[in-house]
Structures are given as structure tokens and as C-alpha cells.
Amino acid sequence: MSANRPAAVVVLAAGEGTRMKSTTPKVLHALCGRSLVGHVVAASRELSPEQLVVVVGHAREQVSAHLAEIDAEVRTAVQHEQNGTGHAVRMGLEELSDSGVALDGTVIVVCGDTPLLTGETLQRLAAAHADDGNAVTVLSAEVPDATGYGRIVRDDATGAVTAIVEHKDATATQRAIREINSGVFAFDAQLLTDALGKVRTDNSQGEEYLTDVLGILREAGHRVGACVAADHREIVGINNRVQLAEANRLLNDRLLERAMLSGVTVVDPATTWVDVTVTFEPDSLVHPGTQLLGATHLAARAEVGPNSRLTDTAVGQGAVVAFTVAEGAEIGAGASVGPYAYLRPGSRLGAKAKAGTYVEMKNATIGEGTKVPHLSYVGDATIGEHTNIGAASVFVNYDGVNKHHTTIGSHCRTGADNMLVAPVTIGDGAYTAAGSVITKDVPPGSLAVARGQQRNIEGWVARKRPGSAAARAAEAARREDEGQQ
């Protein structure tokens with residue numbers, strides 16, 4: 001639990017985000033496997049706040065449903081009309097007050113479109129606010145180019161913040177300042193509540209600005225301070241698809257750096273993409289062109305890629321997965337998958353099992369050491385240990401209405417080009433002949449042959465395809481055979 005646990009965190013997520021040019025609310029756009037507002041909520045949770053309230057407005061039903069899904073304890077407050085940031089915070093505090101929550105301590109205000117903001121930075125802000133005894137503390141950042149941002153103006157003697165001046169209103173001297181306002185604040189709860197009641201709307205937008213609270217508190221003799229973020233990129237807000245892509249790249253780089261520093265080899269970070277929920281063990285290896293998504297986990301010495309996409313997939317120790325798409329799969333220790341394999345949900349490979357080239361699996365459990373080497377579909381099946389499935393085999397699991405299950409025992413050998421028509425069971429140690437269509441159960445240790453007996457009809461080509469290239473070739477072969485006799 002944070003040593004400077006705030007009374008509340010208020011997340012502002014009511015805006016429409018028209019510059020995204022999207023039917024999806026801006027704060028629900030995703031990067032690295034989590035929505036924009038989801039990243040902010042996760043960072044806020046690292047503070048262990050007594051209350052966490054998200055102010056919603058545009059598409060509030062959709063945003064509220066998403067919040068309930070990702071964090072059941074988040075409260076929502078509705079800003080029916082977007083009347084400014086001060087108004088939004090007031091709606092958040094009123095929601096808490098109407099619920100009987102008496103705020104005493106620090107209130108952190110964050111923006112719902114800043115996915116790069118970290119819990120560590122919010123903790124530093126809360127600590128600086130408490131240590132300096134401020135009425136309000138601004139999270140600021142030193143940026144290379146401050147054009148368009150509000151400048152933080154400080155008292156030279158005390159370092160206290162005397163004003164936040166918007167770029168258009170700044171003097172030449174103020175425009176030279178590179179410390180900017182992030183829109184993230186720590187407030188004394190009671191002073192914030194009182195000051196919000198004094199915020200006016202006599203401005204060009206006719207809105208209640210949260211930044212006006214700083215002036216109100218300063219004029220009342222309270223101290224306003226600032227805490228500088230260690231990395232200015234953390235405060236970047238997302239307003240369009242270009243900024244979304246830039247933030248995605250930055251966050252992905254951060255995640256890969258963390259993985260590499262913990263012992264993971266990432267051959268080409270520029271072409272490797274991971275979600276925030278992906279986990280690794282030391283000495284796992286990721287080749288170029290790989291996407292690791294959802295709750296994917298790579299165990300020690302697992303090797304994935306190149307050109308693979310794994311979603312919610314567990315890869316066991318020493319397993320090798322190449323040129324593969326997998327979703328909701330479990331790959332056992334030492335198993336081999338690919339190239340060009342497709343593991344659909346419910347695919348489970350045992351230790352040292354194999355799903356080879358152009359193999360598709362769905363809802364299938366494959367035992368230890370069992371191999372499905374190539375050109376096969378295995379759906380709704382259970383296969384025992386150390387069994388070999390012949391090339392070009394199809395587990396025929398669908399009768400047009402219902403799905404059915406196939407069971408194959410251990411130490412079996414199925415022939416190439418088999419059709420296994422479910423429901424069917426093949427016992428331990430059984431064999432099936434190449435080209436068979438297996439529709440009945442095969443007892444243990446048996447050989448099943450289910451194909452028509454071969455017949456050769458002499459002279460068929462000459463009679464049915466006279467004058468064709470095949471007929472001429474056959475005639476030439478016949479004469480050559482006669483000449484050799």
C-alpha cells in the first residue's frame with residue numbers, strides 16, 4: 001500500500017474525442033492490450049486510493065460497462081454536459097459525497113487519455129504534495145518543445161508555482177520556459193471542494209477550468225507546488241490516431257526493455273509487439289515479427305517466432321514455436337509447433353508433442369510425445385501419448401448440426417490421408433491403413449483398413465482418350481516394353 005494513500009483519484013474521461021474520427025469512444029481505444037482509460041485506472045490503483053471515480057460523459061453507457069469489466073470497484077460519475085475540467089471534477093466529488101463518502105486527505109486528478117502515465121510517477125506526485133505541504137501540486141514536465149502547452153511559472157526564491165500561463169497568453173520570456181502543465185494534479189480535498197464552488201465561467205469557452213482553482217488557492221494564501229515527471233513522454237495525451245500509434249510504440253518499447261532487462265532475448269524489438277499482460281521467464285527467446293498478446297506466458301528457454309502471433313497462450317520450457325498463430329492454447333515443455341501451424345482455443349500439447357507444418361488444431365488434447373507432423377486438421381479430439389498421426393489426416397468432427405469427439409489411444413499409428421469420422425475411438429497400439437475412412441471404433445492393437453480394393457483396367461486410356469498425350473505416352477511405353485522382351 002502506498003505510504004501517501006490518497007483519499008480519492010478522479011479520472012476525467014467524459015470527452016468525445018472527435019479527432020479520433022471513430023465510433024469508438026476515445027478512452028476505449030487500445031494500445032498494448034489495454035484501453036487508454038484502462039491504463040490510467042491501472043496506474044491509479046498502484047496508489048491504493050480509498051476511492052477511485054471515473055467521470056464519464058460521451059458514450060457513458062459503453063465506457064461505464066467497460067470500466068465495470070476491468071475494475072469492479074471503480075465508481076462512475078456522469079458529466080451530462082461537458083462544461084470544462086473543473087465541472088468534471090466537481091461531478092466526481094459530488095458522486096462521492098452523494099454516496100456518503102467524506103473526503104479527508106489528498107485528491108489526485110488525472111486525465112483518462114494519458115496511457116503512458118505510471119503508478120510510480122503518481123506516487124512521486126503524492127509524496128511531493130505531502131512533503132511540501134502544498135494545497136495543490138501540479139505534475140509538470142520538461143519538454144524539448146513547449147509550443148502549445150501551458151507554462152509553469154515559478155517563484156525564483158521558493159520554487160512555488162505562481163501561475164500556469166497558456167501559450168497564446170505567454171510573454172516571450174514565459175514562452176522560453178520548457179516546464180509545462182500535464183493536467184495531472186494533487187489537491188487537498190477540502191480546499192479543492194471549497195475552491196470549485198468559486199470557479200467562474202466568464203471565459204471564452206464559458207466553462208469551469210480546473211486550473212482556475214490554482215489561482216483561487218494561491219490568492220487565499222495557500223502554497224501551489226509542482227513535481228517534475230522523470231520522463232516527459234509519460235504525460236502525453238492521445239487525441240488522434242497518429243498520437244495513438246506513437247504512444248503504442250513508446251509503451252511497447254518500455255515493455256520490451258523491461259523484459260530484456262529481466263533476462264528475455266528479443267532479437268528485433270522494432271518488429272516485436274507485446275501486451276502489458278504478457279509475462280516471461282528468463283532465457284526465453286523472441287524472434288522478429290512476433291506478437292505476444294493477452295495473457296500469453298513464455299517459460300524459461302521457450303523460443304517463439306519468427307512471424308508468430310500468440311494470444312492467451314502458455315508456452316512451456318524449451319518449447320519451439322515458429323511461424324504460428326495460436327489462441328487460447330497450451331504448449332507443453334519441449335513441444336514443437338510450426339512452421340505455419342494454427343492452434344485454436346482449447347488446443348493442449350503435452351511435453352515434447354508436435355504440431356507441424358500446416359497443422360490446425362481446435363479443442364484438442366495431444367499427449368506427451370505425440371506427433372501431428374503435417375497437413376492435418378485435428379478438431380475436438382483427445383490423443384494419447386507417443387502416437388503418430390499420418391500426413392493429410394482430417395478429424396471429421398462436424399455432421400452439419402453437431403460437433404463430435406474423436407479419441408485415439410497411446411502408441412497408435414494412423415496412416416496418411418485418413419478421415420476419422422467422429423464419434424470414433426481408436427484403441428491403444430492400433431494402426432490404420434493409409435487412405436482409410438474410419439467410421440467405426442478400432443480395438444486396441446488392431447489394424448483398420450477402410451478403403452476400396454484397387455483394380456487396374458487395362459487399355460482404358462487408349463479406348464476412352466484416344467489420341468491424347470496420355471494415350472501416346474502409354475503406347476510408347478508399351479512398345480518399349482515389348483522391345484525389351
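Reply: Start with the record. An unreviewed UniProt entry places the feature "binding site" at Ala391, Asn397, Tyr398, Ala434 and Arg451. UniProt positions follow the numbering used here, feature names are shortened, and annotations may be inferred rather than shown by experiment. The model is predicted: local features need pLDDT of at least 70, side-chain atom pairs count only at pLDDT 80 or more, and totals for chains, interfaces and linings use all residues. Residues are numbered from 1 along each chain as its sequence is written, and side-chain values use heavy atoms, with hydrogens and water left out.

Take Asn397. It lies in the loop between β30 (394-396) and β31 (406-408). Strands (E, at least two residues) and helices (H or I, at least four) are DSSP runs, numbered from the N terminus. Asn397 counts as buried because its relative accessibility is 6%. The classes are buried under 20% relative accessible area, exposed over 50%, and partly exposed in between, with a 1.4 Å probe and protein chains only. Leaving out residues up to four places away in sequence, Asn397 touches Lys362, Tyr377, Gly379, Asp380, Asn402, Lys403, His404 and Ala422. Contact here means heavy atoms within 4.5 Å. With Tyr377, the side chain of Asn397 makes a polar contact of 3.4 Å. That term covers a pair of N or O atoms within 3.5 Å; within protein, one must be able to donate a hydrogen and the other to accept it, and residues adjacent in sequence count only if both atoms are side-chain atoms.

One of the residues touching Asn397 is Ala422. A cis peptide bond joins Ala422 to Pro423, with omega about 0°. Pro423 sits in the loop between β33 (419-421) and β34 (424-426).

Now Tyr398. It is also placed in the loop between β30 and β31. Tyr398 is partly exposed, at 47% relative accessible area. Its side chain reaches the backbone oxygen of Gly400 at 2.9 Å.

His411 is found in the loop between β31 and β32 (413-414). Its phi is positive, about 55°, although His411 is not a glycine. His411 is partly exposed, with a relative accessible area of 47%.

Next, the other annotated pair. The unreviewed UniProt entry also places "binding site" at Asp113 and Asn239. They are spread over 127 residues of sequence but cluster in space, with a largest C-alpha distance of 7.9 Å. Both Asp113 and Asn239 are in the lining of the largest pocket.

Asp113 lies in the loop between β6 (106-111) and α4 (119-132). Its relative accessible area is 14%, so Asp113 is buried. Beyond its neighbours within four places in sequence, Asp113 is in contact with Lys26, Leu36, Val236, Gly237, Ile238 and Asn239.

Asn239 lies in the loop between β11 (224-228) and α8 (241-261). At 21% relative accessible area, Asn239 is partly exposed. Residues up to four places away aside, Asn239 touches Arg19, Met20, Lys26 and Asp113. The side chains of Asn239 and Lys26 make a polar contact of 3.3 Å.

Now the pocket itself. The largest pocket holds about 1,700 Å³ of space. On a 1 Å grid over the protein atoms alone, a pocket is an open set of points with protein on both sides within 12 Å along at least five of seven lines, whereas a cavity is a set where a 1.4 Å probe fits but cannot get out; lining residues have an atom within 4 Å of a point. Points are joined across faces, edges and corners, and a volume is the space filled by probe spheres set on them.

The lining of the largest pocket has 47 residues; Arg19, Thr85, Cys111, Asp113 and Asn239 lie nearest its centre. At least two lining residues come from each of β1 (8-13), α3 (85-98), β10 (179-188) and α8. β10 gives the most, five residues. By class, the lining has 18 nonpolar, 21 polar and eight charged residues. Ala, Val, Leu, Ile, Met, Phe, Trp, Tyr, Cys and Pro count as nonpolar, Asp, Glu, Lys and Arg as charged, and the others, Gly among them, as polar.
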